[in-house]
Amino acid sequence: MFSDTHPKIRALQIEWIRRMPPWKKFAIVDSLNETVRTLAISGIRQRHPQATPEEVRRMLAEMLLGAELAAKVYGRAR
């Protein structure tokens, strides 16, 4: 946990998460995953402004899966 969080507040946060229904936890994780994906794509587009959507998708796959698995999924061509 974060060292700047007071122990009482941290305990409340943990209790709040424990009481949260599973569907809500999944929704939060799904939202966070989508945010990370959006930020990753934005970073790729900033670094490679001329990249086609297919190239961006491939670069994202390499970032998320690693080069070896991305090559198996998308082939060796870039």
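Start with helix 2 and helix 3, which are oblique to each other (angles under 35 degrees count as roughly parallel, over 145 as roughly antiparallel, 65 to 115 as roughly perpendicular and the rest as oblique). Helices here are DSSP runs of H or I with at least four residues, strands are runs of E with at least two, and numbering goes from the N terminus.

Before clicking on, a word on what is loaded. This is a predicted model, where local features need pLDDT of at least 70, side-chain atom pairs count only at pLDDT 80 or more, and totals for chains, interfaces and linings use all residues. Residues are numbered from 1 along each chain as its sequence is written, and side-chain values use heavy atoms, with hydrogens and water left out.

**Stop 1: helix 2 against helix 3**

Select residues 22–47 and 53–65: the two axes come within 10 Å and cross at roughly 120 degrees. Axes are lines fitted to C-alpha atoms, for helices over the stretch in contact, and angles run from 0 to 180 degrees between N-to-C directions. Now show side chains: R37, A40, I41, I44, R45 and R47 of helix 2 meet V56, M59, L60 and M63 of helix 3, contact being heavy atoms within 4.5 Å. Colour them by class and you get seven nonpolar, no polar and three charged (Ala, Val, Leu, Ile, Met, Phe, Trp, Tyr, Cys and Pro are nonpolar, Asp, Glu, Lys and Arg charged, the others, Gly among them, polar).

**Stop 2: on to helix 4**

On the helix 3 side pick R57, R58, A61, E62 and L65; on helix 4, A67, L69, A70, A71, V73 and Y74.

**Stop 3: T5**

Jump to T5, in the segment before helix 1 (7–19). Is T5 buried or exposed? T5 is buried, at 18% relative accessible area (buried is under 20%, exposed over 50%, partly exposed in between, with a 1.4 Å probe and protein chains only). Beyond neighbours within four places in sequence, T5 touches R10 and Q13.

**Last stop: zoom out**

Show the whole chain: four helices and zero strands. The C-alpha atoms fill a box of roughly 55 × 25 × 20 Å along the principal axes. Buried residues make up 19% of the 78.
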